[in-house]
Amino acid sequence: MRSNAFVGIICRSVLSVSRRYFSLTPMSKSKFEYVKEFELDSKCLPNCWIVVRIDGRNFSKFCDTHRFVKPNDVAALDLMNRAAITVMEDFKEIVLAFGQSDEYSFVFRKDTELYKRRMPKLLTNVNSLFASSYVFHWPRYFAGKELCYPPSFDARIALYPTDKNLRDYLSWRQADVHINNLYNTCFWNLVLKGHLTPKQAEERLRGTMASHKNEILFTQFKINYNNEPAMFRKGTTLIRKLVSDNTGKLKSAIILLVDDIIGDRFWKENPEIIGLKSMATYQRPNQTNNVNNTAPSSPSAIGHTTNNGSSSQVIIVNSNQVK
């Protein structure tokens, strides 16, 4: 009797569990689920380089509120680089990133199948990680300066079917660095040292060529624009290389370069980027740069831990061929 009763209890328990399970199953597909059909989930064309570019939203106001140094705030640029490095650590499919001012471009392998090449997933994940990293690392670069409100960034995706298209895009962004920085350097010197109002400085520079701006800087402020820090004039490039650790073993690292990426030399020295080959070993250049051409306040290496807990090292260098 006791044995039969025990078996009966077990059977009733199993039946109860089964009933609960089957009673919950239909709830996973409700009558409202049809709304998913309205979602757009476009995919990037195959065999195209995918570039995700983020830009600061209303960043002029953000810079003014947080009293960034004009025309270039080194700490702010270093923070942008730190956020970009975090993105590259997480997304291994990114082969190169290029940044300036309040923008960064991330180049994904043309053969990547990350998120099945779904645009919304690539766009939102890169943008959200960059923005959150910017806020997370703020105290490290602006110690004692409170973040008054969270920054925001917009993002877009562009697809480039050929290697030349990709190089032309990156050349466009680096040329933009020079154009903007020359103007801003001249503008803020006229305002801060020349005691012009912003409107007067704008009128003074309206219609001027690069040669005119260089002349204003040199004759009025004794500034040779070519001696300005290379990071201000050329932006920052992040690539992946193999570097030797303390034990002599090669490990993957993210290399920060201040270099000319418009000419052919950079691409000849780093053929694996376009060629999609295995990472090459990084050859550390002789550090013979003029002090003005170094990336100010950036350490030679940043040791930290990635999100998955593995140790990583970011080597920060400048090319001695920057002119």
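**Notebook: rings, cores and a pocket**

I began with the aromatic side chains and found that ring pairs link Phe59, Phe62, Phe68, Tyr104, Phe106, Phe130, Tyr134, Trp138, Phe142, Tyr149 and Phe153 into a cluster. I note here that the model is predicted.

**Ring pairs**

I looked up the count of aromatic pairs, and it comes to 23. Planes over 60 degrees apart count as edge-to-face. Phe59 belongs to helix α2 and Tyr134 to helix α4, so this pair ties together parts that are 75 residues apart in sequence. I checked burial as well: Phe59 is buried, and so is Tyr134.

My next pair was Phe68 with Phe142. I recorded this pair as stacked, with 5.4 Å from centre to centre and 5° between the planes. Phe68 sits in the loop between α2 and α3, and Phe142 in the loop between α4 and β4 (153-160), so the pair ties together parts that are 74 residues apart in sequence. Phe68 and Phe142 are both buried.

**Nonpolar cores**

Which residues touch the most other members of the largest nonpolar core? I found Tyr104, Phe106, Phe130, Tyr134 and Leu238, in a core of 41 residues. The elements giving two or more residues to this core are β1 (49-56), α2, α3, β2, β3, α4 (119-141), α8 and β6 (250-257). Helix α3 supplies the largest share, 10 residues.

Setting aside neighbours within four places in sequence, I listed its contacts as Asn81, Ala84, Ile85, Met88, Val95, Leu96, Ala97, Tyr104, Ile254, Ile255 and Leu256.

**Largest pocket**

The largest pocket has a volume of about 800 Å³. I counted 34 residues in its lining, and those nearest its centre are Cys63, Pro71, Ser101, Asp102 and Asn184. Two or more lining residues come from each of α2 (59-65), α3 (74-90), β2 (94-100), β3 (103-108), α5 (163-192) and α8 (230-234).

Which element gives the largest share of this lining? I found that α5 does, with 9 residues. By type, I sorted the lining of the largest pocket into 16 nonpolar, 11 polar and 7 charged residues.

Conventions: Residues are numbered from 1 along each chain as its sequence is written. This is a predicted model: local features need pLDDT of at least 70, side-chain atom pairs count only at pLDDT 80 or more; totals for chains, interfaces and linings use all residues. Side-chain values use heavy atoms; hydrogens and water are left out. On a 1 Å grid over the protein atoms alone, a cavity is a set of points where a 1.4 Å probe fits but cannot get out, and a pocket is an open set with protein on both sides within 12 Å along at least five of seven lines; lining residues have an atom within 4 Å of a point. Grid points are joined across faces, edges and corners, and a volume is the space filled by probe spheres set on the points. Helices (H or I, at least four residues) and strands (E, at least two) are DSSP runs, numbered from the N terminus. Ala, Val, Leu, Ile, Met, Phe, Trp, Tyr, Cys and Pro count as nonpolar, Asp, Glu, Lys and Arg as charged, and the others, Gly among them, as polar. A nonpolar core is a set of buried Ala, Val, Leu, Ile, Met, Phe, Trp, Tyr and Cys residues joined through side-chain atoms within 4.5 Å. Buried means under 20% relative accessible area, exposed over 50%, partly exposed in between (1.4 Å probe, protein chains only). Contact means heavy atoms within 4.5 Å. Rings of Phe, Tyr and Trp (its six-membered ring) pair if their centres lie within 6.5 Å; planes under 30 degrees apart count as stacked, over 60 as edge-to-face and the rest as tilted.
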